[in-house]
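Please keep the sequence and the model in view while reading.

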Amino acid sequence: MEIGAMVIAAVGVVGTLGGALLTQRGAERAKRREMELLRGHEEIRDYLTLRRTCYADLNRDARQFTTALNRHLHVMRERTVEDADREALDEAKNAQRDRYSEAQMIAPDAVLGPASAVNHALSRVYGQVKRLERGATEEGETMAGVSAAQQEIWALLREMRAAMRADLGVSDGNGSVSA
């Protein structure tokens, strides 16, 4: 009987140790899953922060470039354009170009489409402004036509902003704020 008792005792010890080991491994697996889930949430939050920052910068710089184009057109009507005027316009253009380049790498197609429309309109109007400034306009380009084209950019900016807000989940894409 002593051997039987020893076997039972040994099985009891092995069972107790094995149970503790299995419990520890299970806890480690659960902790690992929790950490992976947390890491996934952090990546999503970081990507949302990256998009939010990119969109805010692109929106700001596109609006500033539009305003700089408007200001430059006013300068052209009122006086001779000076180097400082050209530099201010080019700085606004360069800032917008940089932000648009960032958005091309970050924004989904639903945002990139309207952003691209804004970028093309800004580039087109900038080219027209520069041709007017040099006195080398293309057929049909007038100060009034360029001014009208510059004003039309504001509607494109609103569409771009609405797409950005919808992507960030702060509106439904139709301009109304979601709950």
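## A question to begin

Which residue just after α4 takes a positive phi? The residue is G169, with a phi of about 80°. A positive phi also occurs just after α3, where G135 takes a value of about 75°. Helices here are DSSP runs (H or I, at least four residues), numbered from the N terminus.

## Basis of the model

The model is predicted: local features need pLDDT of at least 70, side-chain atom pairs count only at pLDDT 80 or more, and totals for chains, interfaces and linings use all residues. Residues are numbered from 1 along each chain as its sequence is written, and side-chain values use heavy atoms, with hydrogens and water left out.

## Helices and the nonpolar core

For α3, 26 residues at 1.5 Å a residue should span 38 Å, and the 37 Å between its end C-alpha atoms agrees with this. The expected span is 1.5 Å times one less than the number of residues.

The largest nonpolar core contains 35 residues, among which L69, V129 and M160 touch the most other members. Each of α1, α2 (83-106), α3 (109-134) and α4 (143-168) supplies at least two residues of this core. Such a core is a set of buried Ala, Val, Leu, Ile, Met, Phe, Trp, Tyr and Cys residues joined through side-chain atoms within 4.5 Å. Leaving aside residues up to four places away in sequence, V129 touches L69, H72, L73, M76, L89 and V146; contact means heavy atoms within 4.5 Å. The buried residues of α4 include V146, I153, L157 and M160. Buried means under 20% relative accessible area, exposed over 50%, and partly exposed in between (1.4 Å probe, protein chains only).

## Salt bridges

Side chains of opposite charge can pair when their charged atoms come close. The structure holds 14 salt bridges, each defined as a side-chain nitrogen of Lys or Arg within 4 Å of a carboxyl oxygen of Asp or Glu. One of them joins D167 and R51, whose closest N and O atoms are 2.8 Å apart. D167 lies in helix α4 and R51 in helix α1, so the pair ties together parts that are 116 residues apart in sequence. D167 is partly exposed at 26% relative accessible area, whereas R51 is buried at 11%.

K130 and E133 also meet in a salt bridge, at 3.5 Å from N to O. These two residues are three apart in helix α3, and about one helical turn separates them. K130 is buried, at 14%, while E133 is partly exposed, at 21%. In another pair, R79 and E82 meet at 3.9 Å, N to O; R79 is partly exposed at 37%, and E82 is partly exposed at 46%. A network of salt bridges links D57, R60, D61, R99 and E102.

## A nonpolar surface patch

On the surface, I3, V7 and V11 form a nonpolar patch with about 310 Å² of accessible area together. Patches consist of residues with over 30% relative accessible area and no salt bridge; like charges are joined within 9 Å, and nonpolar side chains (Val, Leu, Ile, Met, Phe, Trp, Tyr) within 5 Å. Accessible areas come from the Shrake-Rupley method with a 1.4 Å probe, and for residues only the protein chains shown count as cover. I3 is placed in helix α1 (residues 2-78) and counts as exposed at 66% relative accessibility.
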